[in-house]
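The entries below keep to what I could read off the coordinates.

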Amino acid sequence: MIEHDAESNSTVRIGHRVLLLRLVRQYRIALLALAVTVPGCSGSGTEPTPPFGEVPAAPSNLAAVPASTSVLLSWDDNSSNESGFRIERAPGGTSAFDEIAATGSDVVSYMDLDVTPGTAFSYRIHAYGPDGASTNSNTISVTTTMTGVASFAFLAAGSHHTCALALDGSAWCWGSNKYGQLGDGTRTNRTRPIEVIGDLSYTTLAAGDTHTCGVTAPGTVYCWGTNSFGQLGTGTTDDRLTPAPVSGIPPVATLALGRAHSCALDTGGAAWCWGWNDNGQLGDGSTINRFTPVQVGGGRLFVELTAGYSHACGRTTTGSTYCWGFNGQGTVGDGTRITRYVPTLVAGDPQFASVVAGGMLNCARTASNRVFCWGYNPFGGIGDGTATDRDTPTPAAGTLTFIGLALGYAHTCGITAPGEPWCWGHNYSGQVGDGSDEHWRLTPVRVDTDLQFQQLVAGDAHTCGRTSTNAIYCWGTNFYGELGDGISNPIRAPNPVSPP
C-alpha cells in the first residue's frame, strides 16, 4: 500500500502540467519547421498545398507521333495538384515499363530521342503529387518508321488506299482496309506498305473505291475487297480479304476500276466489264449488275481503257475516244447530259494519245501533249480557270504540256517532259501538293518539290508519285494512312512513303 499526502499529490499534478506544456510547445515548433520546408506553406501568401495523400487526376489523351529516330508525346493535364510527370516506356508487346524521363507540372509534351527505326514501343504518363502519390494516363503503342524511302516499280490509287508493284511482281498496299481492299487477309487499316497475300506475281494493278485487282503473267485477273455489286467478278457478292480469281474472261493485258465496277482489256483488244451497272457503266446496253465479266457493246477494239466513279472511257486503235455511263455533268463528253449505256463517241472525234478518267471527269492529251478535260468541275479539276462543268473536251489554261496525267475525284495532276509535277482542282486536304491552304486551284500550279516523277496516281483526296529511281512519295489526306508514312496526319507536299 502506498500512501500520498496532499502536498505530494499537488507536486505531481504541477509536474505533469509542465511536461504537457513542453510537449505542446515542441509540437508547434515541429509544425512550423515543416511548414517552412513545404512549398506553398511558408506564410508568403502563396496557395497552400492540398492535404497529404490526395492523388492527382490522371493525364488523358496521350498521343504519339513516331518518326524513324524519335517519338513525340503529348497529353492533357487534368489536375492542379501534381508535382510533375514521369514518362515511362515499355518494349512493344510487353508491360515492362521503365521511367525514361521526368518533367515539371507545367510540361505536357516530351520528345523521346532514344529510339531506333522500325521498333515498337508502348508509353504511359504518371502524374505524381507532393508525397509521391501518382496515377497513370492511358497507354499508347507506336512503331517508329523505317529510314529511307519505299521503292516500287508501279503505282495504283483507290479512293482511300494505295497499292504498288515491287520489282519482283509482288503487290503491296496501304491505307483504308475496311473491306479488305489491301488484300492482307484483315480489315485493319495500314499506315505503311503491307504485302498482299497469295504469293502471286503481278504485271499490273488497278484500284477502285474499296476494291483492288491485279493481272498475273498468264493474263489471269485476281480481285479482292468489297463485292456488294459483283465488282470482284467471282460470280458472287461475297467480300474477299485475299486475291480471288475472276472467271469467264480471256487473258487480260490491262485493268481499269471505278467506284464499284471493274473493266479490262483482253490481249486481243476487246473490252470487258463487271460489277455495278446502274448508269450503264458496264457498256453492255443494260443496267443489270454483272457478277462475272460481260463484253462491252459495239464490237470495237481498244488500246486503252479507263474508269471513273460510274463511267468508263476507251481509246480505239484508230485514235477515237468513246465513253459510256453516267453523264449528268457531261462526263461522257458527247455534248449532252444524257446517260449512255453503250460506248459513245466524244464530241468532235479528237485524236488523243491518252485518256484518263477521274471521279466524274476525264482528261486526255494530244500527240503534242496538250491537255483537254471535260465533266465535273466545281473545284477547277478541268483547269480552264473556271468552276463550270464541261460536256465537251476543253483545253486546260496556260501553255504547259504534259506527258502523263492522273485524276482523283475532283483534282488533276500532270507531269511535264522534265518530270515536274503540276496539279489543279480540289485541294481541301492538300492533294494538289503546292503547300498552301487554298481549297481549290482553278489552273495548274507547281507541286512544292524539286523531285522529278515518272508516274503519278490520284485517289479521292491524295496523290502519289514515283521518281526515276522508283522512290515513292505521297501527299494529301492521310486519315486512313493512304500516304504510307507510318502516321495519319495530312501532308500538303510530297512526303516519302516508309519502306515495308
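**Conventions.** I am working with a predicted model, in which local features need pLDDT of at least 70, side-chain atom pairs count only at pLDDT 80 or more, and totals for chains, interfaces and linings use all residues. I number residues from 1 along each chain as its sequence is written, and the side-chain values use heavy atoms, with hydrogens and water left out.

**Entry on S122.** I located S122 in strand 6, residues 120-128, where strands (E, at least two residues) are DSSP runs numbered from the N terminus. With a relative accessible area of 6%, S122 is buried (buried means under 20% relative accessible area, exposed over 50%, and partly exposed in between, with a 1.4 Å probe and protein chains only). I then looked for its side-chain partner and found S141, joined to S122 by a polar contact of 2.9 Å (a pair of N or O atoms within 3.5 Å; within protein, one must be able to donate a hydrogen and the other to accept it, and residues adjacent in sequence count only if both atoms are side-chain atoms). Leaving aside neighbours within four places in sequence, I listed E88, R89, A90, F97, T139, I140 and S141 as in contact with S122 (heavy atoms within 4.5 Å).

**Entry on salt bridges.** Side chains of opposite charge can pair when their charged atoms come close. Searching the whole structure, I found 15 salt bridges (a side-chain nitrogen of Lys or Arg within 4 Å of a carboxyl oxygen of Asp or Glu).

I looked up D239 and R187, whose closest N and O atoms are 3.8 Å apart in a salt bridge. D239 lies in the loop between strand 15 (221-225) and strand 16 (240-245) and R187 in the loop between strand 11 (171-175) and strand 12 (190-195), so the pair ties together parts that are 52 residues apart in sequence. D239 is partly exposed at 30% relative accessibility, and R187 is partly exposed at 44%.

For E304 and R315, I noted a salt bridge with the closest N and O atoms 2.9 Å apart. The pair links strand 21 (residues 302-307), which holds E304, with strand 22 (residues 311-316), which holds R315, 11 residues apart. Both E304 and R315 are buried.

My last pair was D437 and R492, whose side chains meet in a salt bridge of 3.4 Å, N to O. D437 sits in the loop between strand 31 (421-426) and strand 32 (440-446), and R492 in strand 36 (residues 491-496), 55 residues apart. D437 is exposed, with a relative accessible area of 62%, whereas R492 is partly exposed at 23%.

Note on methods. Helices (H or I, at least four residues) and strands (E, at least two) are DSSP runs, numbered from the N terminus.
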